[in-house]
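Hello,

Here is the structure I promised to pass on to you. Have a look at it first, and then read my notes below.

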There are 2 protein chains.
Amino acid sequence: MTFANVGTLGVQPGKAEELVAILTRRNPEMEQAGCLVYEVGVSQEEPDTVCVVELWESTEAHRASLQLPSVQAAIGEARPLLTGEMGGYRFEVAGSPLRD
Amino acid sequence: MTFANVGTLGVQPGKAEELVAILTRRNPEMEQAGCLVYEVGVSQEEPDTVCVVELWESTEAHRASLQLPSVQAAIGEARPLLTGEMGGYRFEVAGSPLRD
């Protein structure tokens with residue numbers, strides 16, 4: 001079942017673009033790990049908040065991806081930019097009006 | 001520029017599935033209006049919260065879609081199920097690790 005992970009990451013003032021650059025760096029390991037959609041941007045409401053929308057083949061695929069060396073490296077690189085404020089939610093996709 | 005609209009909708013106790021059914025009803029007008037992704041599910045953390053992840057060709061496409069007769073009808077049908085509690089955020093997609 002497709003798993004959706006939606007998150008917000010608070011960043012140090014003026015550091016949003018730097019975090020976006022890390023999170024959008026091309027990473028073929030993600031598709032191989034079962035990532036279907038991974039979109040990154042800066043919140044329209046809060047300029048020091050980076051948003052991430054992810055869809056994964058399954059909850060397990062998402063969980064396993066967090067152990068990928070490339071993902072661990074990105075997390076380490078991003079950590080100094082973060083305020084620690086995080087939000088978001090997770091859900092298993094029940095359906096879509098775009099398909100039967 | 002791709003526009004992401006991520007939202008949570010508080011529902012009356014036990015009404016989440018009913019709202020999911022309305023939001024996932026097949027609607028070809030959405031693709032025609034520029035909807036790229038529209039995934040619906042129940043929050044893993046809060047069983048009376050329905051989550052929606054939407055990607056649109058542009059901010060304008062999303063805004064225009066709200067005037068579609070089918071979307072207006074769904075909003076009307078859903079309204080009695082809602083508590084009024086809503087959350088979420090919007091952003092223009094800056095990039096993705098899944099593509100150059």
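**How the two copies meet**

The copies meet through the same surface, because 100% of the interface residues of chain A are also interface residues in chain B. Please keep in mind that this is a predicted model.

Now to the interface itself. Chain A brings 40 residues to the contact, and chain B brings 40 residues as well. The size of an interface is often given as the accessible area lost when the parts come together. Here chain A and chain B bury about 3,300 Å² between them, and 60% of that is on carbon and sulfur atoms. On the side of chain A, the residues that lose the most area to chain B are Tyr89(A), Pro97(A) and Leu98(A), which together make up 23% of what that side buries.

Polar and charged groups take part too. The rule finds 18 residue pairs in polar contact across the interface of chain A and chain B, counting pairs with both residues at pLDDT 80 or more. It also finds 6 salt bridges across this interface.

Which elements of chain A give two or more residues to the side that touches chain B? They are strand S1, helix H1, helix H2 (28-32), strand S2 (35-43), strand S3 (49-56) and strand S4 (82-95). S2(A) gives the most to this side, with 9 residues. By type, the residues of the side of chain A that touches chain B divide into 20 nonpolar, 11 polar and 9 charged.

You will find Gln12(A) in the loop between strand S1 (3-11) and helix H1 (16-23) of chain A. Is Gln12(A) buried, exposed or partly exposed? With a relative accessible area of 31%, Gln12(A) is partly exposed. Its side chain reaches the backbone oxygen of Leu82(A) at 3.0 Å. Leaving aside neighbours within four places in sequence, Gln12(A) is in contact with several residues, including Asp48(A), Pro80(A) and Thr83(A). As for Ser58(A), it is 46 residues from Gln12(A) in sequence and 32 Å away in space, C-alpha to C-alpha.

Enjoy exploring, and best wishes

Methods
Residues are numbered from 1 along each chain as its sequence is written. Chains are lettered from A and ligands numbered from 1 in the order in which they are written. This is a predicted model: local features need pLDDT of at least 70, side-chain atom pairs count only at pLDDT 80 or more; totals for chains, interfaces and linings use all residues. Side-chain values use heavy atoms; hydrogens and water are left out. Contact means heavy atoms within 4.5 Å. Helices (H or I, at least four residues) and strands (E, at least two) are DSSP runs, numbered from the N terminus. Buried means under 20% relative accessible area, exposed over 50%, partly exposed in between (1.4 Å probe, protein chains only). A polar contact is a pair of N or O atoms within 3.5 Å; within protein, one must be able to donate a hydrogen and the other to accept it, and residues adjacent in sequence count only if both atoms are side-chain atoms. Buried area is the accessible area (1.4 Å probe) that two parts lose on being put together, summed over both. A salt bridge is a side-chain nitrogen of Lys or Arg within 4 Å of a carboxyl oxygen of Asp or Glu. Ala, Val, Leu, Ile, Met, Phe, Trp, Tyr, Cys and Pro count as nonpolar, Asp, Glu, Lys and Arg as charged, and the others, Gly among them, as polar.
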